[in-house]
Amino acid sequence: MAIIGIDLGTTNSLACVCQGQKTVLIPNALGQTLTPSAVSVGEDGTIHVGAIARERLVSHPEASAASFKRYMGTDKVFTLAGQHFTPQELSSFVLRQLKEDAERFLGETVTEAVISVPAYFNDNQRYATKEAGALAGLCVERLVNEPSAAALASSRISGEEEGCYLVFDFGGGTLDISIVDYFDNVIEIVAVSGDNRLGGNDFDEIIARSFCQHHKMDYDKLDPKAQASLLLLAENCKKELTFQNQSELFWEAGDKRMILTSFLLAGLCQSIFERISQVLTRVLQDSERTVDDIDEIVLAGGSSKMPVVAFYLQSFLKKSPRAIGPPDEVIAMGAGIYAGIKERKQDIRDLVLTDICPFTLGVNVVNLTETDNPIMSPVIERNSILPCCKTGYYTNVYDNQSHIAVGIFQGEAYYCNDNLKLGTINMEIFPLPAGQAQIQICFSYDINGILEVEISDQQMHRLKKKVLTSENLRLSEEELEQRLNELRSYKLMPPGGIRTTLVLARGERLFSQLLGDRRRQVSLAMEQLRQTLSSQNDQKISNSLRAAEKLFDLLEGL
């Protein structure tokens, strides 16, 4: 039974396996290595994952969802065709599809995976990722940080075994920038910083909103289908600017056009670049490194391929970034290598991947001027190397105070209410005049993200321990098993019908976008294809599929 590596991305996901000394990207049923991280519920209840679901985002927005990785570890609920799903449940469908593709490709059962996550993911987000794996029928003992995976793959590709990397991982929905040292067979994350609400999708929305402003339209008042259609056109326009200096966004539904150049895009997206600069500045400051200390700027994530992004990085850092490996694939390749290490493959040298605490962990202390707004007191600060154990010393605030309620928080904000609350420990203390109690709070944080908090009252010699698990966002073992059984009842599209269903979904999407003769051409092609499908003649069906694909490519200018 093989262990696979998975890059579970906001926009696209892919899987990789180690075979001998090579890492092999696993193709899906369409022969592609990138599977869009999109899910749609079909009219018959079938779950569509990948390219079909992505097409249905436009034609069936009420039954489809994407970019749900942005909400991992939250209580967000997505409603698809009247059915309710959490982000980890939607992610489990993507993981299940990757698992089935891997089993078909490898010819053996896959029960375990190493999944990459942004280095700045907090405890809830990491646990939700493992939960998604469990719901997909995968054992996920190890999560690997995306910058570690990128550095591992990049060093393997370049042949360099020592160096300091700035890993710029810019995907569809998240930005993750890390400083990584690679030396003596050890990959050490020195500092991380990120923005889990910033990615290529933000470029799409800015382009779409600019188009609406150009034509005196209100983007927020467009119906869901119109918004989804415009965002897809904006994304295509953005992709064209990756390879050429000018692109035209033509929205046939309103017979409206807008010319966009790389120069204009750079001007429109200044707010995005300002947010990137904040993350870059912070990671350099936290690492206590300068740009001169960086040997390579490694690009990862599809959005890092945009020329405007590369130009901005070069102007900000005064150093050219380099795509050592394919940005879309480098993290999956690193996860695949690490899966090989975990599988103890003899062809792969053992490596040590160190981890850090991506967010500060601390407790609440009394705010004397605003008692309902406690202040954060850090115990373990961000970028501390894991595992680590640190102690904070505290006292009583009021005379004869007999108990304390210690809130445990994660985050960088001054006020606790602006950080993520992990839990509370209530404990009795010996009543003394204010400032005389001696209370020790010890945090022990391991490499798997498990935090143990120990509180001791020196006067009463009392000790209280608690392992923080954020129970409010986590399923119990019984709930997990029940939901796993429920999700198994949802059937994924069988491989044999994916190409046909994709062409039909693409036709539905184009029909909703186009007008006039072009719409009639789509309708005729769809009708002809459906008639051919009823004939059950494989050769006729294949010819009809090729004809429809050729027409759709022509209509989209591909």
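The entries below go from the whole chain to single residues.

**Ground rules**

I am working with a predicted model, where local features need pLDDT of at least 70, side-chain atom pairs count only at pLDDT 80 or more, and totals for chains, interfaces and linings use all residues. I number residues from 1 along each chain as its sequence is written, and side-chain values use heavy atoms, with hydrogens and water left out.

**Whole protein**

I looked up the secondary structure and found 14 helices and 26 strands.

Next I checked the overall dimensions. The C-alpha trace spans about 85 × 50 × 50 Å along its principal axes.

Buried residues make up 53% of the 558.

For contacts I used heavy atoms within 4.5 Å. Of the contacts with a separation of 6 or more, 66% are between residues 24 or more positions apart.

I also noted the charges, counting Lys and Arg as positive and Asp and Glu as negative, without His and the chain ends. Each charge is placed at NZ of Lys, CZ of Arg, CG of Asp or CD of Glu. The mean positions of the 54 positive and 73 negative charges are 6 Å apart.

**Ala335**

I found Ala335 in helix H10, residues 330-342. Ala335 has a relative accessible area of 0%, so it counts as buried. Which residues does Ala335 contact, leaving aside its neighbours within four places in sequence? They are Gly5, Ile6, Val114, Val144 and Ala149. Ile6 is 329 residues away in sequence, yet the C-alpha atoms of Ala335 and Ile6 are 6.2 Å apart.

**Gly200**

Gly200 belongs to helix H5 and is buried, at 0% relative accessible area. Beyond four places in sequence, Gly200 contacts Phe170, Gly171, Gly172, Gly173, Lys238 and Ser303. I also checked Gly200 against Arg257: they are 57 residues apart in sequence and 22 Å apart, C-alpha to C-alpha.

**Asp457**

Asp457 sits in strand S25, residues 451-457. Is Asp457 buried or exposed? Its relative accessible area is 1%, so Asp457 is buried. A polar atom of the Asp457 side chain lies 3.0 Å from the backbone nitrogen of Phe430.

I kept one rule in mind here: most residues other than glycine have a negative phi, and most peptide bonds are trans.

Ala81 has a positive phi, near 55 degrees. Ala81 is in the loop between strand S8 (78-80) and strand S9 (83-85), and at 42% relative accessibility it is partly exposed.

Lys216 also has a positive phi, near 55 degrees. Its loop runs between helix H5 (200-214) and helix H6 (224-243), and Lys216 is exposed at 78% relative accessibility.

Last, I noted the cis peptide bond between Leu386 and Pro387, with omega about -5 degrees. Pro387 lies in the loop between strand S20 (375-380) and strand S21 (388-394).

How values were computed
Helix = DSSP H or I, 4+ residues; strand = E, 2+ residues; numbered from the N terminus. Buried < 20%, exposed > 50% of the residue type's maximum accessible area, 1.4 Å probe, protein only. Polar contact = N/O pair within 3.5 Å; in protein donor to acceptor, adjacent residues only side chain to side chain.
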